[in-house]
Amino acid sequence: LFIFMLFFGVMSGEAPQVLPRNAALVIQPVGALVEQLAGDPYDRAVAELMGDSQPQTLVQDVVDALAAARDDDRIGAVHIELSALTSAGIDKLERVSQAITDFRTSGKPVIASADFYTQQGYYVAAHADAVYLNPEGLVFLQGYGTFRTFYKDAIDLLRIDWNVFRVGNYKSFAEPYTRMDMSPEDRESRQRLVDHLWSSYQEHVVAARGLAEDAIDDYARNLVAHTEAAGGDLAIVARDRGLVDELLGRTELRDVMI
């Protein structure tokens, strides 16, 4: 108890930060966007002390920050930096994007930037007023996919005797133990799911950026051809296809924010 009191006493001695009258809110999500942090607080604290913490960002933290900044007269703009955003479900991306849209109703600009946009990061960036990309970076879109691991050959080699009772054509739960590939029925149902996710992704991004209906699908499917036509420069491809507004290094971006 004494050690903890001493620790918190030292920490509380730091001078409080004062928000200037004219500032930009910087939002920099790191790792995965999650609804709840993994593990309990003690495990997370120990992992952080050991330098082995799992990078995560709470969706609610981002939403709350944008909501607070919308009505704060000291905040003149939002800069959302997405280089470190690695993964997120589309439902979480929609929540953050809606919060950005709500913030923009205040008339304050939202600037998105990244050295490298993942598919998840670009979804968020597309809802900003301006999207900037590092001249050495790229926007990486690959659509959605799914796969399964199959164990039938291993089970046969181990001579495990077991039985599966199944009724119906679309009961694929036990297939990894009875087959070495997807059944046509399982492939069909999974294809419908990934097609729906990709269509939803395209619909939201195209609407937010004001792109042609097939712009995102064309970019993902023909990235190699587009890159060859641009002399091998992936950043120029993203700019010329309308995915980003300008190619700016960090110094240039700082000047824009100022």
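Select Tyr117 and show what surrounds it. Leaving aside neighbours within four places in sequence, Tyr117 is in contact with Leu82, Ala112, Tyr122, Ala125, Val131, Tyr132, Leu133, Leu138, Val139, Phe140 and Val244 (contact: heavy atoms within 4.5 Å). This is a predicted model, where local features need pLDDT of at least 70, side-chain atom pairs count only at pLDDT 80 or more, and totals for chains, interfaces and linings use all residues. Residues are numbered from 1 along each chain as its sequence is written, and side-chain values use heavy atoms, leaving out hydrogens and water.

Now widen the selection to the core. The largest nonpolar core has 49 residues; Leu82, Tyr117, Tyr122, Val139, Tyr201 and Ile216 touch the most other members. A nonpolar core is a set of buried Ala, Val, Leu, Ile, Met, Phe, Trp, Tyr and Cys residues joined through side-chain atoms within 4.5 Å. Buried means under 20% relative accessible area, exposed over 50%, and partly exposed in between (1.4 Å probe, protein chains only). Helix α4 gives this core its largest share, six residues. A second, separate core has five residues, among them Ile111, Ala130, Tyr132 and Leu248.

Next, pick Ala114. Find Ala114 in strand β6, residues 110-114. Helices (H or I, at least four residues) and strands (E, at least two) are DSSP runs, numbered from the N terminus. Ala114 counts as buried because its relative accessibility is 4%. Not counting residues up to four places away in sequence, Ala114 touches Glu81, Leu82, Ser83, Tyr132, Leu133 and Asn134.

Move to the helix pair. Colour α3 (residues 59-70) and α4 (residues 90-104): they pack at about 5°, axes 9 Å apart. Axes are lines fitted to C-alpha atoms, for helices over the stretch in contact, and angles run from 0 to 180 degrees between N-to-C directions. The two helices, α3 and α4, are therefore roughly parallel (angles under 35 degrees). Show side chains: Val59, Gln60, Val62, Val63, Leu66, Ala69 and Arg70 of α3 meet Lys92, Arg95, Val96, Ala99, Ile100, Asp102 and Phe103 of α4.

Last stop: Ser183, in the loop between α7 (175-178) and α8 (184-209). Ser183 is buried, at 2% relative accessible area. Its side chain makes a polar contact with the side chain of Glu175 at 2.6 Å. The Ser183 side chain also reaches the backbone nitrogen of Asp186 at 3.1 Å. A polar contact is a pair of N or O atoms within 3.5 Å; within protein, one must be able to donate a hydrogen and the other to accept it, and residues adjacent in sequence count only if both atoms are side-chain atoms.

How values were computed. Angles under 35 degrees count as roughly parallel, over 145 as roughly antiparallel, 65 to 115 as roughly perpendicular and the rest as oblique.
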